[in-house]
Amino acid sequence: MRKQKYIPRFLYGVLSRLIHQNELNEILRISYPSQGSEFSGKVLKHLDIDVEVEGTENLPKSDRRVVFASNHPLGGLDGIALIAVLGQRYGDENIRFLVNDLLMNVEPLSTVFLPINKYGSQARAAAEAINAEYASDRQIVIFPAGLVSRLHPGGEVHDLKWQKAFVQKAIENDRDIVPVRFVALNRKRFYRLAKWRKKLGIKVNIEQATLPAELCASRGKRFRIIIGKPISVSDLKKSGKSFPQLAEEIREHVYTLHKPEKL
């Protein structure tokens, strides 16, 4: 039985327009049955999005396992673009992108996605799967902030705090960390909504619902991906710093590759 049967028709229409259901279905239709990097490439082509990659000489060879740690400015297209670039470089079978488990519903990308937010009885299995991937020969890709970049005082847009797990797992599994700077912005209204939601004390991340609209509004844009020089795991081990300290230093380093955008 279709779920929309339980949603009032007028509300269903509002929600459909909010998430740009028709446009998203069109993207899926055109890109089907492609998966992984091929699907990502077709999405970018359909939206007439150009991705410029700088620092390709810093991409490690396939025999060196690393963690690609990137800022998270867009909430959709940044991940799609990284999958297109890294999947083409290493092969989809050799990359795993750690994501919120809700994104596993994007079936064409489920082949390269690995969920990290399982709860209850599934939590142990998810943790074991993550540990297995870090121990594998595949390249790991992650947005350590988890959430999309937000507007900060002074008008700069940059990530919130980076979580420490990616550093801890990299060190435990002898992986260098490759800093990635994704240069892009959502529209002003996304950041304004997030700002007012916080001011009003609303805990529900309502701006997240507008990310499909931001994806569709990116048609014809040009994005820039900057690949930084790998950060040696031996240097991380010798630093004597805590995992949170290292995570913050790497986040700051990512923004030295290109200054934070301003609205």
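Q: What makes Leu59 and Val180 contacts of Phe68 in this predicted model?
A: Contact means heavy atoms within 4.5 Å, and Phe68 touches both Leu59 and Val180. Not counting residues up to four places away in sequence, Phe68 also touches Pro60, Leu86, Tyr90, Gln139, Ile140, Val141, Ile142 and Val178.

Q: What makes Phe68 part of a nonpolar core?
A: A nonpolar core is made of buried residues of listed types, Phe among them, joined through side-chain atoms within 4.5 Å. Phe68 belongs to the largest such core, which has 36 residues. Phe68, Leu77, Phe97, Phe182 and Ile225 have the most contacts inside this core.

Q: Which elements supply at least two residues each to this core?
A: They are α3 (36-46), β2 (66-70), α4 (77-90), β3 (95-99), β8 (176-183), α8 (211-216) and β9 (222-227). The most comes from α4, with nine residues.

Q: Why is β8 called mostly covered?
A: Buried means under 20% relative accessible area, and eight of the eight residues of β8 are buried.

Q: How do you know that both faces of β8 are covered?
A: Side chains in a regular strand alternate between the two faces of the sheet. In β8, Asp176, Val178, Val180 and Phe182 are buried on one side, and Ile177, Pro179, Arg181 and Val183 are buried on the other.

Q: Why are β2 and β8 said to pair?
A: Strands pair if there are at least two bridges between them; β2 and β8 have five and run parallel, so they pair. Within β8, Val178 is the bridge partner of Phe68.

Q: What makes β8 and β9 a pair?
A: Four bridges join β8 and β9, in the antiparallel sense, and at least two are needed. Ile226 in β9 stands opposite Arg181.

Conventions:
Residues numbered from 1 in each chain as written. Predicted model: local features only at pLDDT ≥ 70, side-chain atom pairs only at ≥ 80, totals over all residues. Heavy atoms only, no water. Buried < 20%, exposed > 50% of the residue type's maximum accessible area, 1.4 Å probe, protein only.
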